[in-house]
Amino acid sequence: MNKKELVDAIADRVGDRKTATEAVNAVLDAIQKAVASGDKVSITGFGAFEMVHKPARSARNPSTGAEIKVAESWGPKFRPGSDFKELVNVEGKKAAKKK
């Protein structure tokens, strides 16, 4: 599912596409801004978004084997909640049985 399909699914519930688009954009923007500022965003039953620090490290170029230095960085991390994990587990088992 991409953003357009998500908007369409929400539009079916709220009634119109414009309202759904504004809602999706507002939620995504709020999550991105909060995480970028260092806040943790927890949505009960769904999961948590947070910023994580990745320290500088050494790595190897797989083609040449040469050592390269990877700079430190900050990135987003998502940890699914227990309800979300359980739903995916149940639906995954159903999908596996269909194959």
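Is His53 buried, partly exposed or exposed? With a relative accessibility of 36%, His53 comes out as partly exposed, since buried is set at under 20% relative accessible area and exposed at over 50%, with partly exposed in between (1.4 Å probe, protein chains only).

Before going further, some ground rules. This is a predicted model, where local features need pLDDT of at least 70 and side-chain atom pairs count only at pLDDT 80 or more, while totals for chains, interfaces and linings use all residues. Numbering starts from 1 along each chain as its sequence is written, and side-chain values use heavy atoms, with hydrogens and water left out.

Now zoom out. The chain holds three helices and five strands, in the order α-α-β-β-β-β-β-α; these are DSSP runs, numbered from the N terminus (helices H or I, at least four residues; strands E, at least two). Its radius of gyration is 19 Å, well over the 13 Å from the globule rule for 99 residues, so the chain is more spread out than a compact globule. That radius is taken over C-alpha atoms, and the rule is 2.2 Å times the number of residues to the power 0.38. Along the principal axes, the C-alpha atoms fill a box of roughly 55 × 40 × 25 Å.

Ignoring neighbours within four places in sequence, His53 touches Glu72, Ser73 and Trp74, a contact being heavy atoms within 4.5 Å. With Glu72 there's also a side-chain to side-chain polar contact at 2.7 Å; that term needs a pair of N or O atoms within 3.5 Å, and within protein one must be able to donate a hydrogen and the other to accept it, with residues adjacent in sequence counting only if both atoms are side-chain atoms.
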